[in-house]
Amino acid sequence: MYGVSLLQPQVEHPPDRAVCPVRGCGVSAPWEPGPVPSAGDRRCPLHRIFLSRTTFRYERETDNLLWTGRQDLALLGAARKGTGERSFGLDSSPGAVTWNVFRWLESTGGLALLLEEWLGETVLENAVAYWGYGSRNHELLPSLRRARIAFAEPESDETLFPVCIETSSHFVVVAPRLGPINIGDEASGRKRWAPERESDWLGEVLMPDWRELLDMRLAAALLRIWALGSYAAKLRGLAFVLLDISPRWANGAAGESFESGLRIAEGRRLAKANWEDVYDFAGQAPHPDADVIRAYLGDKSAGYSLDGRLRRAFSLDPARTATRVS
Ligand SMILES: [Zn+2]
């Protein structure tokens with residue numbers, strides 16, 4: 001895994017080529033605008049990554065994952081079964097960060113403790129599902145499926161929630177992101193969420209002008225989680241929480257416009273968290289592999305800016321700001 005400590009702080013690319021970002025490597029490959037390749041000759045054979053100008057993709061997806069034991073990969077494989085390719089090999093993949101962080105929290109028993117901090121209330125027991133699959137608590141999944149059916153949503157990459165957590169009183173859907181909501185929409189060709197079926201539920205949980213927010217792809221994705229997740233929570237008889245987790249630098253006023261679309265009510269709310277909270281948490285508690293997760297978050301890059309400067313994914317300065325919103 002190549003983090004900030006192994007990547008060149010600044011890169012310059014020859015015309016029509018992309019250079020390998022790993023320090024000390026001089027390899028370059030043909031480059032053209034568009035998606036980061038996953039096959040072909042646009043790779044560095046020394047570091048086994050496909051090259052682009054702002055990020056890169058691991059040839060072996062497991063090179064981008066922290067937890068690759070037999071049970072881990074079996075769980076991840078089952079979670080992704082039938083949903084097509086998901087780019088966990090991409091260095092900037094939110095899915096890979098989500099897996100690396102939440103699988104650690106779950107398997108070390110830290111998840112309930114950190115959830116208490118994020119939700120501001122006691123959390124008893126929890127069951128976790130990744131991309132619609134969980135190895136425990138099989139009641140969680142039928143309600144998700146029923147919610148999808150109620151809204152006529154296809155079961156696909158785009159429509160499965162990355163992480164769902166059920167506690168004794170809450171149904172929590174985690175919305176993981178690595179940047180601000182109002183980011184310039186680089187994937188503008190991708191279909192944004194628009195409800196397949198009209199439903200009274202949309203009017204119940206969303207403000208009247210929510211459709212205006214669908215122009216922003218991330219906002220649309222969050223509204224979708226809000227609508228379907230709250231419906232699934234209702235089926236389970238649990239309070240719903242949308243847990244919006246982002247880097248601290250991206251958790252600002254940018255989210256305001258998305259929040260204006262939500263009809264907050266008793267038993268239905270938005271909570272905000274930062275990836276950096278996990279870094280702090282790992283520093284406080286004697287959990288196994290706490291040093292691994294701290295090294296990972298501390299070294300994680302956000303790729304290169306257009307002028308070739310390497311950026312950190314997370315800001316880990318000790319000055320913490322209060323970010324929890326209920
Ligand atoms: Zn290289």
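Predicted model: local features only at pLDDT ≥ 70, side-chain atom pairs only at ≥ 80, totals over all residues.

Colleague: Is Asp16 buried or exposed, and why?
Modeller: Asp16 is exposed, because 9 other C-beta atoms lie within 10 Å.

Colleague: What about Arg48, what is its phi?
Modeller: Near 55°, again a positive value in a residue other than glycine. Arg48 sits in the loop between β3 and β4. Arg48 counts as exposed because it has 11 C-beta neighbours inside 10 Å.

Colleague: How many bridges join β3 to β4?
Modeller: There are 2 bridges between β3 and β4 (residues 49–51), and the two strands run antiparallel. Cys44 has Ile49 in β4 as its bridge partner.

Colleague: Val22 next. Which loop is it in?
Modeller: Val22 is in the loop between β1 (17–19) and β2 (28–30). It counts as partly exposed, because it has 17 C-beta neighbours inside 10 Å.

Colleague: Which residues does Val22 touch, leaving out those up to four places away in sequence?
Modeller: Those are Tyr2, Leu6, Leu7 and His47. As for Gly3, which is 19 residues from Val22 along the chain, the two C-alpha atoms are 9.1 Å apart.

Colleague: Can we zoom out? How many helices and strands does the chain have?
Modeller: It has 9 helices and 12 strands. Of the 326 residues in the chain, 38% are buried. If you take the contacts with a separation of 6 or more, 63% of them join residues 24 or more positions apart.

Colleague: Which residues touch the most other members in the largest nonpolar core?
Modeller: Tyr130, Cys164, Val173, Ala219 and Leu243 do, in a core of 71 residues. Helix α6 (residues 217–236) gives the most to this core, contributing 12 residues. Apart from that core lies another, of 11 residues, including Cys20, Cys44, Phe56 and Tyr58. In soluble globular proteins, nonpolar side chains tend to be buried together.

Colleague: Back to Cys164, what does it touch?
Modeller: Not counting residues up to four places away in sequence, Cys164 touches Ala129, Leu140, Leu144, Val172 and Val173.

Colleague: What does β7 form with β8?
Modeller: A hairpin, with 3 residues between the two strands. β7 and β8 (residues 170–176) pair in the antiparallel sense over 4 bridges, and Val163 stands opposite Val174 in β8. β7 is also joined by 4 bridges to β6 (residues 127–130), again antiparallel. There, Val128 stands opposite Ile165 in β7.

Colleague: Switching to helices, at what angle do α8 and α9 pack?
Modeller: About 145°, with the axes of α8 (residues 275–284) and α9 (residues 290–299) 9 Å apart. α8 passes α9 in a left-handed crossing.

Colleague: Which residues meet there?
Modeller: From α8, Trp275, Val278, Tyr279, Ala282 and Gly283 meet Ala290, Ile293, Arg294, Leu297 and Gly298 from α9. The residues of this contact divide into 7 nonpolar, 2 polar and 1 charged.

Colleague: Last one: where does Arg269 lie?
Modeller: Arg269 is in strand β10 (residues 268–274). It counts as partly exposed because 18 C-beta neighbours are inside 10 Å. Leu242 is 27 residues from Arg269 along the chain, and their C-alpha atoms are separated by 6.5 Å.

Colleague: Great, thanks for the tour!

Note on methods
Residues numbered from 1 in each chain as written. Buried ≥ 20, exposed ≤ 12 C-beta atoms within 10 Å, placed from the backbone. Contact = placed C-beta atoms within 7 Å. Pairing = 2+ DSSP bridges. Axes fitted to C-alpha atoms, helices over the stretch in contact; angles between N-to-C directions. Left-handed = near helix turned anticlockwise from the far one by under 90°. Nonpolar A, V, L, I, M, F, W, Y, C, P; charged D, E, K, R; others polar. Core = buried A, V, L, I, M, F, W, Y, C linked by C-beta atoms within 7 Å.
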